[in-house]
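Trainee: Could we go through this one together, slowly? I'd like to know what we can say about its inside.

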Amino acid sequence: MASPGSAPSLLDGLNPVQREAVVHTEGPLLVIAGAGSGKTRVLTHRIAHLIRDEGVSPFEILAITFTNKAAQEMKHRVGALVGPVADKMWVSTFHSACVRILRRDASRLGYPSSFTIYDQADAVRLTGYVLRDLNIDTKRFPPRSVHAAISAAKNDHIGVDAYAARARVIFERRIADVYREYQARLVKAGAMDFDDLLSVTVTLLQQFPDVLEHYRRRFRYVLVDEYQDTNAVQNELVVLLAGGHRNVCVVGDSDQSIYQFRGPTSRTSWSSSRPSRRPPSSSWSRTTGRPRPSSTPPTPSSPTTSVASPRSSGPTRAVATPSSGSTPTTRPTRPSGSPSRCRSSTTTPTAGVTWPSSTAPTRRAGCSRTP
């Protein structure tokens, strides 16, 4: 439990919605917020709250982001709040975390623990060798394009057999032949490409329940920054690791996705099927803090936020302005079926819940709504 003396220092400077996200320690949490609204700050303060106020061991926390620089920055910011104990955490990219898992257990899938990692140039070069040996015209099937198709399949966790079964036209069948030979040569060489680091890890956790249980016990709290950039296999990895305790916190904003060429889409990150994978009794908190559209943007500690009230009291929305001492005003929300792109709620979803369509057209003007 939090001690009276330590809680104010961690929550100081956070607005009420950010504080709610920081102290929500048990159960799944989704934080959706715009640029400059303090998403990463919420994530680092949440980690510090778990370690310092809740007594959680740093060994039990897994924090994932998308670049090594961002991972080091996150660890530094947590260290500034809790001290050198933060160095014991796993704060890394998806790929780095998967490498650590595979070095320990990849032998179960026939890979050596000292497997080689092929970079992009190595993978494209191997694809070219396979095309040549299969007598496929590299002008019609450029190695880079063929490898991109294979990479896309791996990012969707589509294996060799599944890809071949889906192939309908001659082009897809030729790609399937290359994919099969390409993967066979990787395994024979005791190597993985970057996409294999993710897909092989997911396969390992799916096929060996004891390995999955080990990491579920090891990481009681899973946190993911820039969640809008996750692809299907990365999302499956998060679902697997958090499937037992469901203590997962993901932070992101679909409007800031920059890796769509690599698989992530709004469909992947904010899929309407996502809530149905949780038990109906789960608590799913959604928090939004987008900067108020004005000539002088507010500081991250005081963004304009909108909070949906409980359904039992009727749909209302409280809008708090950045000015100090202001009183939130309450007004009816727009009718059901016309979702707002900027809102926050803490709800208890039921089976079959449908989220707003991620493909609906939007107008970007601060907290714009769908027409």
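Mentor: Let us begin with a term: a cavity is a set of grid points where a 1.4 Å probe fits but cannot get out, and its lining residues have an atom within 4 Å of a point. Please keep in mind that this is a predicted model.

Trainee: Okay, how many cavities of 30 Å³ or more does the structure hold?

Mentor: The structure holds 2 cavities of that size, 30 Å³ or more, and the second largest cavity contains about 60 Å³ of space.

Trainee: Which residues line the second largest cavity?

Mentor: Its lining is made up of Leu62, Ile64, Phe94, Ala97, Cys98, Ile101, Val222, Leu237, Val238 and Leu241. Strand S2 (61–65), helix H5 (94–105) and helix H12 (232–241) are the elements that each give two or more residues to this lining.

Trainee: And which element gives the most to that lining?

Mentor: That is H5, which contributes 4 residues.

Trainee: Switching topic: how many helices and strands are in the protein chain?

Mentor: The protein chain has 13 helices and 12 strands, and of its 371 residues, 46% are buried.

Trainee: Last one: what share of the contacts with a separation of 6 or more joins residues 24 or more positions apart?

Mentor: Within the protein chain, such residue pairs account for 74% of those contacts.

Technical notes. Residues numbered from 1 in each chain as written. Predicted model: local features only at pLDDT ≥ 70, side-chain atom pairs only at ≥ 80, totals over all residues. Heavy atoms only, no water. Buried < 20%, exposed > 50% of the residue type's maximum accessible area, 1.4 Å probe, protein only. Contact = heavy atoms within 4.5 Å. 1 Å grid on protein atoms, 1.4 Å probe; cavity = no way out; pocket = protein on both sides within 12 Å on 5 of 7 lines; lining within 4 Å. Points joined across faces, edges and corners; volume = space filled by probe spheres on them.
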